[in-house]
Amino acid sequence: MIRRIYDWTMAKASHPKAMWFLAITAFVEASVFPIPPDVLMIPMILATPWRAWKIALVATAGSVAGGCLGYLIGYGFMDVIGQPILQFYGKAQSFDELALRFNEMGGWAVLIAGVTPFPYKVITIFSGATHLSPPLFLGVSVLARSLRFFILAGLLWKFGAPIKTFIERWLGLLFTLFVVLLIGGFYLLKYI
């Protein structure tokens, strides 16, 4: 099933209405869809590098809007919609434990999920279910998704096709390392 969805998504990258498919994919991915918009962005930017920034903006806007839907699912529909989604991703059992600690990390959790390969949709739903501050959620979502998509667009714009393999293999790890170093730096400053 995932392979069919992936193949469908890749076919849409060369479609004349690819920007609409990207916006929809980014929107739905942020709340329920398993395929990230990156798989559409990469071929779109490689085919039209002069549109890299517009493509990143569309992905960011669609993803943040979808994140708001994920927040609403967690906030108002956790039992009906949120729990099945969390069960699909294997996160339902850990919800209660995570909910107790979630708002302590709040914005950091949204930032980490927004830039790393961790499923962003899980954090959008957790944010709503634990009633994380909506302005904090929205602000950090815009920052995190912008970082992710504009860095991806910038790399593809600057280096083109040769960077594609590097991005597919290592970008998630590099984002994760960046977040760990960032948080480590804050903790270091706090305790020095």
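Reader: With which residue does Lys121 form a salt bridge, and how far apart are the closest N and O atoms?

Author: Side chains of opposite charge can pair when their charged atoms come close. In this model, which is predicted, Lys121 pairs in this way with Glu29, and their closest N and O atoms are 3.3 Å apart.

Reader: Are Lys121 and Glu29 buried or exposed?

Author: Both Lys121 and Glu29 are buried. Glu29 counts as buried because its relative accessible area is 5%, under the 20% cut-off.

Reader: Which other residue forms a salt bridge with Glu29?

Author: Glu29 also pairs with Arg145, where the closest N and O atoms are 3.1 Å apart. Since Glu29 sits in helix H2 and Arg145 in helix H8 (residues 134-159), this pair ties together parts that are 116 residues apart in sequence. Arg145 is likewise buried, at 1% relative accessibility.

Reader: How many salt bridges does a search of the whole structure find?

Author: The search finds 3 salt bridges, one of which joins Arg148 to Asp38, with the closest N and O atoms 3.0 Å apart. Arg148 lies in helix H8 and Asp38 in helix H3 (residues 38-47), so parts that are 110 residues apart in sequence are tied together by this pair. Both Arg148 and Asp38 are buried.

Note on methods
Residues are numbered from 1 along each chain as its sequence is written. This is a predicted model: local features need pLDDT of at least 70, side-chain atom pairs count only at pLDDT 80 or more; totals for chains, interfaces and linings use all residues. Side-chain values use heavy atoms; hydrogens and water are left out. A salt bridge is a side-chain nitrogen of Lys or Arg within 4 Å of a carboxyl oxygen of Asp or Glu. Buried means under 20% relative accessible area, exposed over 50%, partly exposed in between (1.4 Å probe, protein chains only). Helices (H or I, at least four residues) and strands (E, at least two) are DSSP runs, numbered from the N terminus.
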